[in-house]
Amino acid sequence: MSLQPFYTQVDLEADSRLNETWTDKEGDVTLPFEQRREKGKEKEYELVVKEKDGEQQVSGKFEVRVSFRWSAIWFLDYLSQDSEGVNEFYRMHFIRAHTIARVEIKQDSIQMAFLTQAG
């Protein structure tokens with residue numbers, strides 16, 4: 001986690017493959033990435049992570065940016081915005097700070113692995 005972003009404006013990229021709604025195998029977690037359309041924000045995404053929590057659904061809202069790419073692997077910068085209820089994904093980002101995840105997008109799947117601090 002960092003209070004500063006893991007990118008500069010020059011580093012940002014966009015890829016239409018990310019601009020979809022992804023779900024886990026069980027259908028309990030939904031990750032709808034939506035590319036922003038405002039001028040100057042085209043390389044940013046809004047993400048509202050939705051999780052089933054028993055009978056109710058909770059969500060957390062994030063700004064997401066493709067901060068850099070290494071070969072076919074992307075690294076996304078997540079910044080939490082707000083939440084409706086408290087979901088597990090949002091609790092990972094309880095402090096409003098930037099987190100980074102390694103992302104691989106394949107034809108019909110996405111894999112994300114959040115980088116953690118070794119202790």
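Two strands count as paired here if DSSP finds at least two bridges between them, and the model in these views is a predicted one.

**View 1. The S1–S2 hairpin.** Strands S1 (residues 21-23) and S2 (residues 29-35) run antiparallel and are joined by 3 bridges. Look for Thr 23, which sits opposite Thr 30 in S2. The hairpin leaves 5 residues between its two strands, and Gly 27 in the turn has a positive phi of about 80 degrees.

**View 2. S2 meets S3.** On to the next pairing: S2 and S3 (residues 44-53) are antiparallel too, with 5 bridges. Phe 33 has Leu 47 in S3 as its bridge partner.

**View 3. Inside the largest nonpolar core.** This core has 17 residues, and Leu 18, Phe 33, Leu 47, Val 64, Leu 76 and Tyr 78 have the most contacts inside it. S2, S3, S4 (56-70), S5 (73-84) and S6 (98-105) each give two or more residues to the core. Leu 18 touches, among others, Phe 33, Trp 74, Leu 76 and Ile 110, leaving aside residues up to four places away in sequence.

**View 4. A cluster of three rings: Phe 62, Tyr 78 and Phe 114.** The structure holds 2 aromatic pairs. Phe 62 belongs to S4 and Tyr 78 to S5, 16 residues apart, and both are buried. Tyr 78 and Phe 114 make a tilted pair, because their ring centres are 5.2 Å apart and their planes are at 50 degrees. Phe 114 lies in S7 (residues 110-114), so its pairing with Tyr 78 in S5 ties together parts 36 residues apart in sequence. Tyr 78 has a relative accessible area of 0%, while Phe 114, at 23%, counts as partly exposed.

How values were computed:
Residues are numbered from 1 along each chain as its sequence is written. This is a predicted model: local features need pLDDT of at least 70, side-chain atom pairs count only at pLDDT 80 or more; totals for chains, interfaces and linings use all residues. Side-chain values use heavy atoms; hydrogens and water are left out. Helices (H or I, at least four residues) and strands (E, at least two) are DSSP runs, numbered from the N terminus. A nonpolar core is a set of buried Ala, Val, Leu, Ile, Met, Phe, Trp, Tyr and Cys residues joined through side-chain atoms within 4.5 Å. Buried means under 20% relative accessible area, exposed over 50%, partly exposed in between (1.4 Å probe, protein chains only). Contact means heavy atoms within 4.5 Å. Rings of Phe, Tyr and Trp (its six-membered ring) pair if their centres lie within 6.5 Å; planes under 30 degrees apart count as stacked, over 60 as edge-to-face and the rest as tilted.
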